[in-house]
Amino acid sequence: MRGIEQKLQQQVATYLGWALAPPAWFSSIPAGGGGEMRGRIIKGTGYKAGTPDLLIVSDGRAHFIELKAPRVALSEAQRRTIPALEAAGA
């Protein structure tokens, strides 16, 4: 399923690059892959489990997008993160 989500994310990133007019801005938030050592490194630098795949900043607000392959559910960390982001104003 990972390949399907990566392909979808590439397609969405291509679309956002075309559709968003400056000063709107977006970036992916890469977190998966790389093994245990990479996981320790990104966690140590402040990465939070459950962070969505994409960040869009527009009109002074942060918007997040979590992409999923068909029949793939949100993780428990992702289910906790969504209300936390909403409470923070995203």
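What does the accessible surface of the chain come to, and what percentage of it belongs to carbon and sulfur atoms? After that, please show me the largest pocket: which residues line it closest to its centre?

Author: Happy to! The accessible surface of the chain is about 6,400 Å², and carbon and sulfur atoms account for 60% of it (Shrake-Rupley method, 1.4 Å probe). Before we go further, residues are numbered from 1 along each chain as its sequence is written, and side-chain values use heavy atoms, without hydrogens or water. The model is predicted, with local features needing pLDDT of at least 70 and side-chain atom pairs pLDDT 80 or more, while totals for chains, interfaces and linings use all residues.

Of the 90 residues in the chain, 18% are buried (under 20% relative accessible area; exposed is over 50%, and partly exposed lies in between, with a 1.4 Å probe and protein chains only). Taking contacts (heavy atoms within 4.5 Å) between residues at least 6 apart in sequence, 58% of them link residues at least 24 apart.

Now to your pocket. The largest pocket has a volume of about 480 Å³. A pocket here is an open set of points on a 1 Å grid over the protein atoms alone, where a 1.4 Å probe fits and protein lies on both sides within 12 Å along at least five of seven lines. Lining residues have an atom within 4 Å of a point. Its lining consists of 24 residues, and those closest to the centre are Arg2, Gln9, Ala31, Gly32 and Asp53. Helix α1 (residues 2-19) gives the largest share of that lining, 6 residues. By type, the lining divides into 9 nonpolar, 9 polar and 6 charged residues (charged means Asp, Glu, Lys and Arg; nonpolar means Ala, Val, Leu, Ile, Met, Phe, Trp, Tyr, Cys and Pro; polar is the rest, Gly among them).

Asp53 sits in the loop between α2 (35-44) and β2, and it counts as buried because its relative accessibility is 14%. Leaving aside residues up to four places away in sequence, Asp53 touches Gln9, Ser27, Ser28, Ile29, Ile65, Glu66 and Leu67. One of these partners, Gln9, is also among the residues closest to the pocket centre. Gln9 and Asp53 are 44 residues apart in sequence, while their C-alpha atoms are 8.0 Å apart in space.

For contrast, consider Val72 in the loop between β3 and α3. Val72 is partly exposed, at 29% relative accessible area. Gly46 is 26 residues away from Val72 along the chain, and the two C-alpha atoms are separated by 26 Å.

Helix α1 also carries Tyr15 and Trp18, 3 residues apart, or about one turn of the helix. Tyr15 counts as partly exposed because its relative accessibility is 49%, and Trp18 counts as exposed because the value there is 69%.

A few backbone details complete the tour. Most residues other than glycine have a negative phi, and most peptide bonds are trans. With that in mind, the bond from Pro22 to Pro23 is cis, with omega near 15 degrees, and Pro23 belongs to the loop between α1 and β1 (25-28). Asp59 has a positive phi of about 55 degrees although it is not a glycine. Asp59 is in the loop between β2 (54-58) and β3 (61-65), and is exposed at 79% relative accessible area. Arg71 likewise has a positive phi, near 65 degrees. Look for Arg71 in the loop between β3 and α3 (76-87), where it is exposed with a relative accessible area of 78%.

Conventions:
Grid points are joined across faces, edges and corners, and a volume is the space filled by probe spheres set on the points. Helices (H or I, at least four residues) and strands (E, at least two) are DSSP runs, numbered from the N terminus.
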